[in-house]
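Work through these exercises with the model open beside you. Try each task before you read its solution.

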Amino acid sequence: MVTIPRLVIAAPASGSGKTTVATGLMAAFTRRGLAVSPHKVGPDYIDPGYHSLATGRAGRNLDAYMCGPDLVAPLFAHGARGCDLAIIEGVMGLYDGASGQGELASTAHVAKLLRAPVVLVVDASSQSRSVAALVHGFASWDPEVRISGVILNKVGSDRHEMLLRDALDESGVPVMGVLRRAEQVATPSRHLGLVPVAERRGDAVAAVAAMGAQVSGGCDLDALMALARSAPRSPAGSGAWDPVEAVRGAVGGGDAWDAAVPLPGPSRNRGSAPGPGSRTPDGPEGGGPDGPGRGRPVVAVAGGPAFTFSYAEHSELLAAAGAGVVTFDPLRDVALPEGTRGLVIGGGFPEVYAPELSANEPLRKAVADLAAAGAPVAAECAGLLYLSRSLDGLPMCGVLDAEGRMSKRLTLGYREAVAITDSALAAVGTRLRGHEFHRTVLEPGAGSAPAWGMHLPERRVEGFVQQGVHASYLHTHWASAPGLPRRVVERAAG
């Protein structure tokens, strides 16, 4: 694999300024004429939207829990192909990973998998000399993690900066940037974190420009680029991930790595080799994700401000499996794309847009009619709520006999799951790892034919399977389970 200059932007804790610094660096280097590949550690959907705005490229996630450690470097190489620089924003604190799983899925873990130098962003607003002890502790905790620079954030004055620099002279870790407090780069938040780019496009453009200007003025971009170029070659055998190869090698409905991380439950080997007439990605109808090709079954993917949670690899895998992928906006489009034979509705904020979604009655009926016809419908979280009878008392599509409402409780965390009902998405026994992230409750939480049996944090059943519908709160990353999109496309092809 070609060596790609790369940096991991990490921090001692959440709230230190990782997103500001990482997004600002992406914008600053892009303005220099470099092709910058943006990445985010973990399952977060929102930060990659700001990354994409800064670079003009799809923001991509690197999640060692959901996708497995062996896919991190190949997915990175796929996203960064042809780029001059890759910037990877970390998650939480540098060494914080999946609960009870040691370093798994932490920023430190991903940095080691990519053999990438780490720049530590430190919130210096309430300290001076103590910053040296903090940086020394993080730099010495794991010798395999290469902390090669510090960016000091929220510095109050010239004197404050001098005290911090004097202290860090003793740590051996160079200061590569100093950022003063700046309200203009703040981005608004609500119940699930930052407000997505799609909901505040103009303001988001201005915020990203401000981040880029602040980072350009306060950081040594030449030193940071030199550090990125010092990254060694990536691990042997970690060629770029390829969606066509992934779909071709998929075990129908199962995933690519669960044999190495066994989960309790039934065997995954029931069902699902491609049947007669199923489509493959290597025939004459193959193509890219930009639109439907001749003879390709149309799979509509929900987008727009209400449905912003999607991984770039999902559309790539659907296209590789033989689908014509078309995005539609349930807030504005009154009909599904022409010829739709399958539907994917990912996560987002339907609770924020419930009145508008409810008011679009023609589209709600079209979705209900498609589901009633038995077409494959894969829905996650926001999609689950959209398919329900109502959300906060407002009518939704009525596909599922369940009602959703906002809750004060945040449900958040990684999950282990096994498919317990055969569906258009997954064969019985399919095992994978996913993620939940919502402040809503659906009653009931599972239908008579549940989608998943969960194994973390407790054993329970969850979700709905009926006709071609598979709906659940569980967010999944299809790169770890390419049999899922292949199965959806096979069903759509009929």
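## Exercise 1: A stacked tyrosine pair

Y65 and Y414 are both buried, where buried means under 20% relative accessible area, exposed over 50% and partly exposed in between, with a 1.4 Å probe and protein chains only. This is a predicted model: local features need pLDDT of at least 70, side-chain atom pairs count only at pLDDT 80 or more, and totals for chains, interfaces and linings use all residues. Residues are numbered from 1 along each chain as its sequence is written, and side-chain values use heavy atoms, with hydrogens and water left out.

**Task.** Describe the ring pair of Y45 and Y311, and find where each residue lies.

**Solution.** 
- Step 1. Learn the rule. Rings of Phe, Tyr and Trp (its six-membered ring) pair if their centres lie within 6.5 Å; planes under 30 degrees apart count as stacked, over 60 as edge-to-face and the rest as tilted.
- Step 2. Apply it. Y45 and Y311 are 4.5 Å apart centre to centre, with 25° between the planes, and form a stacked pair.
- Step 3. Locate the residues. Y45 sits in the loop between β2 (36-41) and α2 (47-55), and Y311 in the loop between β10 and α10, so the pair ties together parts that are 266 residues apart in sequence. Helices (H or I, at least four residues) and strands (E, at least two) are DSSP runs, numbered from the N terminus.
- Step 4. Check the cover. Y45 has 10% relative accessibility and counts as buried. Y311 is buried too, with a relative accessible area of 2%.
- Step 5. Return to the opening pair. Y65 and Y414 are also stacked, at 4.3 Å centre to centre and 20° between the planes. Y65 lies in the loop between β3 (60-62) and α3 (72-80), Y414 in strand β16 (residues 403-419), 349 residues apart.
- Step 6. Widen the view. Ring pairs link Y45, F309, Y311 and F349 into a cluster.

## Exercise 2: Strand β10 and its partners

**Task.** Which residues of β10 lie on each side, and which strands does β10 pair with?

**Solution.** 
- Step 1. Recall the pattern. In a regular strand the side chains alternate between the two faces of the sheet.
- Step 2. Sort the residues. V298, A300 and A302 are on one side of β10, V299 and V301 on the other, and all are buried. Strand β10 covers residues 298-302, and five of its five residues are buried.
- Step 3. Find the partners. Two strands pair if DSSP finds at least two bridges between them. Five bridges join β10 to β11 (residues 324-328), and the two run parallel. The chain crosses from β10 through helix α10 (residues 312-320) to β11 in a right-handed β-α-β crossover. Right-handed means that, with the strands pointing away from the viewer, the path from the first strand over the helix to the second runs clockwise.
- Step 4. V299 has V325 in β11 as its bridge partner. V301 has V344 in β12.
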